[in-house]
Amino acid sequence: MALDLLTQQTVQVVDGDGLNWEDAIRQAAQPLVDNGTVGDDYVEAMIDVVKDKGPYINIGPNIALAHSRPRASVKRIGLSLMKTNQPVNLVSDEHPVKLWFVLAATDSTSHLKVIQELSTVLMDADRTKKLLAATSVDDVLAILKD
């Protein structure tokens with residue numbers, strides 16, 4: 001299910017130079033806003049949580065999984081990914097990130113399978129290394145589907 005949510009429409013590869021972490025989350029989430037999965041308020045809620053709780057969304061070296069509590073503007077489970085060629089520091093330079101995942105959840109349990117599948121992919125060190133080196137959306141999708 002997780003990998004089915006990552007498509008030509010929900011994956012981006014950008015340079016990342018000049019982005020701050022807030023802009024990175026907004027840009028990573030934009031495909032989910034564009035396709036009606038989430039509202040802008042959900043995107044701002046993800047940013048507010050990081051401001052409040054710190055860089056807890058940094059789930060591994062160079063990997064962030066932005067999310068917030070379910071809210072009315074989340075219409076369905078969603079996942080997007082923005083890979084930056086340059087690392088963008090999440091809150092501080094101790095948390096450089098190049099893989100910006102955004103997870104949208106409609107309730108507190110339905111997205112757990114997505115997280116489980118995504119974790120399986122990201123625990124594969126070789127696959128993660130390839131994702132970090134990917135230079136196009138097609139490359140990212142090929143690595144994810146591999």
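1. Helices (H or I, at least four residues) and strands (E, at least two) are DSSP runs, numbered from the N terminus. The UniProt record, an unreviewed entry, places the feature "domain: PTS EIIA type-2" at residues 4–146. Its positions are given here in the numbering of this model, feature names are shortened, and annotations may be inferred rather than shown by experiment.

2. The model is predicted: local features need pLDDT of at least 70, side-chain atom pairs count only at pLDDT 80 or more, and totals for chains, interfaces and linings use all residues. Residues are numbered from 1 along each chain as its sequence is written, and side-chain values use heavy atoms, with hydrogens and water left out.

3. The interior may be considered next. In soluble globular proteins, nonpolar side chains tend to be buried together. A residue is called buried under 20% relative accessible area, exposed over 50%, and partly exposed in between (1.4 Å probe, protein chains only). A nonpolar core is a set of buried Ala, Val, Leu, Ile, Met, Phe, Trp, Tyr and Cys residues joined through side-chain atoms within 4.5 Å. The largest such core has 25 residues, of which Ile25, Val38, Met46, Leu90 and Trp100 touch the most other members. At least two residues of this core come from each of α2 (21–34), α3 (40–53), β3 (62–66), β4 (78–89) and β5 (96–104). Helix α2 gives the largest share, seven residues. A second, separate core of 24 residues includes Ala2, Leu81, Leu122 and Leu144.

4. Which residues surround Val38, leaving aside its neighbours within four places in sequence? Val38 is in contact (heavy atoms within 4.5 Å) with Leu32, Val33, Val43, Ser73, Val74 and Ala104.

5. Ser80 is a polar side chain to examine in strand β4. Its relative accessibility is 0%, so Ser80 counts as buried. A polar atom of the Ser80 side chain lies 2.7 Å from the backbone oxygen of Ala28. Beyond four places in sequence, the contacts of Ser80 include Leu6, Leu32, Trp100 and Phe101.

6. Helix α6 (residues 137–145) has Val137, Val140, Leu141, Ile143 and Leu144 buried. Seen down the axis of α6, these buried residues fall within an arc of 160 degrees (taken from the directions from the helix axis to the C-beta atoms), so they line one face of the helix. They pack against α1 (2–5), β1 (11–14), β4, α4 and α5 (125–133).

7. Charged pairs form the next topic. Side chains of opposite charge can pair when their charged atoms come close. A salt bridge is a side-chain nitrogen of Lys or Arg within 4 Å of a carboxyl oxygen of Asp or Glu, and by this rule the count is eight. In one of them, Glu22 and Lys51 meet at 3.8 Å, N to O. Because Glu22 lies in helix α2 and Lys51 in helix α3, this pair ties together parts that are 29 residues apart in sequence. Glu22 is partly exposed at 22% relative accessibility, whereas Lys51 is exposed at 52%.

8. Arg26 also forms a salt bridge, with Asp23, and the closest N and O atoms are 3.5 Å apart. The two residues are three apart in helix α2, so about one helical turn separates them. Arg26 has a relative accessible area of 29% and is partly exposed; Asp23, with 31%, is partly exposed. A further bridge joins Asp52 and Lys53 at 3.6 Å, N to O. Salt bridges that share partners join Glu22, Asp23, Arg26, Glu44 and Lys51 into one network.

9. Two backbone angles deserve a check by the reader. Asn62, in strand β3, has a phi near 70 degrees, a positive value in a residue other than glycine. Val91, in the loop between β4 and β5, has a positive phi of about 70 degrees although it is not a glycine. Asn62 is partly exposed at 22% relative accessibility, and Val91 is partly exposed at 45%.

10. Where is Ser108 found? Ser108 lies in the loop between β5 and α4 (112–122), and at 59% relative accessibility Ser108 counts as exposed. Ser108 and Pro96 are 12 residues apart in sequence and 28 Å apart in space, C-alpha to C-alpha.

Definitions and conventions: Polar contact = N/O pair within 3.5 Å; in protein donor to acceptor, adjacent residues only side chain to side chain.
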